[in-house]
Amino acid sequence: MNPRIVEPSSEAEAELNAFLDKRIYEFNIRATGFRDGRPFAGVIKDESANVIAAISGHTWGKCCHVEHLWVDESKRGQGMGRALLQAAETEAVHRGCTQALLLTHSFQAPAFYERLGYVRQGTLPNYPHGHAQYVYVKQFESADAT
């Protein structure tokens with residue numbers, strides 16, 4: 001066996017990622033018994049229908065994983081990121097989640113997440129080189145997550 005690593009086209013990458021996501025999710029269901037995985041997404045558009053802020057992720061096994069949160073640089077500081085994150089958290093609690101988790105880099109938005117109640121649980125140094133990636137978790141009130 002001689003595997004070869006290549007840089008796929010964007011269509012091939014999307015297809016391969018969907019294939020891998022499905023296979024890994026199937027394994028995870030067998031390993032944990034949780035089969036409640038569901039994606040979520042939210043978008044804010046301007047008056048010209050351009051996306052100026054968005055969030056995406058998934059819920060699974062009573063956990064909310066925020067995979068992406070982005071706000072156009074010219075629109076930052078106007079509460080859009082906070083609104084999207086809080087909407088995702090509300091949906092996660094509605095789905096029975098007891099916590100949310102996310103990753104961010106040292107040069108991205110750690111202070112933003114900390115202001116919103118996220119607690120740093122881990123640090124991956126030198127990812128990318130000279131910086132760090134942080135793991136953040138926010139616990140939801142147990143009474144709200146039932």
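Residues are numbered from 1 along each chain as its sequence is written, and side-chain values use heavy atoms, with hydrogens and water left out. Because the model is predicted, local features need pLDDT of at least 70 and side-chain atom pairs count only at pLDDT 80 or more, while totals for chains, interfaces and linings use all residues.

Strand β6 (residues 132–139) holds Lys138; strands are DSSP runs of E, at least two residues long, numbered from the N terminus. Lys138 has a relative accessible area of 17% and is therefore buried (under 20%, with exposed over 50% and partly exposed in between; 1.4 Å probe, protein chains only). Its side chain makes a polar contact of 3.1 Å with that of Glu89 (a pair of N or O atoms within 3.5 Å, one able to donate a hydrogen and the other to accept it; residues adjacent in sequence count only if both atoms are side-chain atoms). Beyond four places in sequence, the contacts of Lys138 include Thr98, Leu116 and Tyr118 (heavy atoms within 4.5 Å).

Tyr134 also lies in β6 and is buried, at 13% relative accessibility. Among the residues touched by Tyr134, leaving out those up to four places away in sequence, are Leu102, His105, Pro110 and Arg120.

Turning to the backbone, the Tyr127 to Pro128 peptide bond is cis, with omega near -5 degrees, and Pro128 sits in the loop between β5 (119–125) and β6. Ala49, in the loop between β1 (38–45) and β2 (51–60), has a positive phi near 70 degrees without being a glycine. Lys62, likewise not a glycine, has a positive phi of about 70 degrees; Lys62 is found in the loop between β2 and β3 (63–71) and is partly exposed at 46%.

How values were computed: Helix = DSSP H or I, 4+ residues; strand = E, 2+ residues; numbered from the N terminus.
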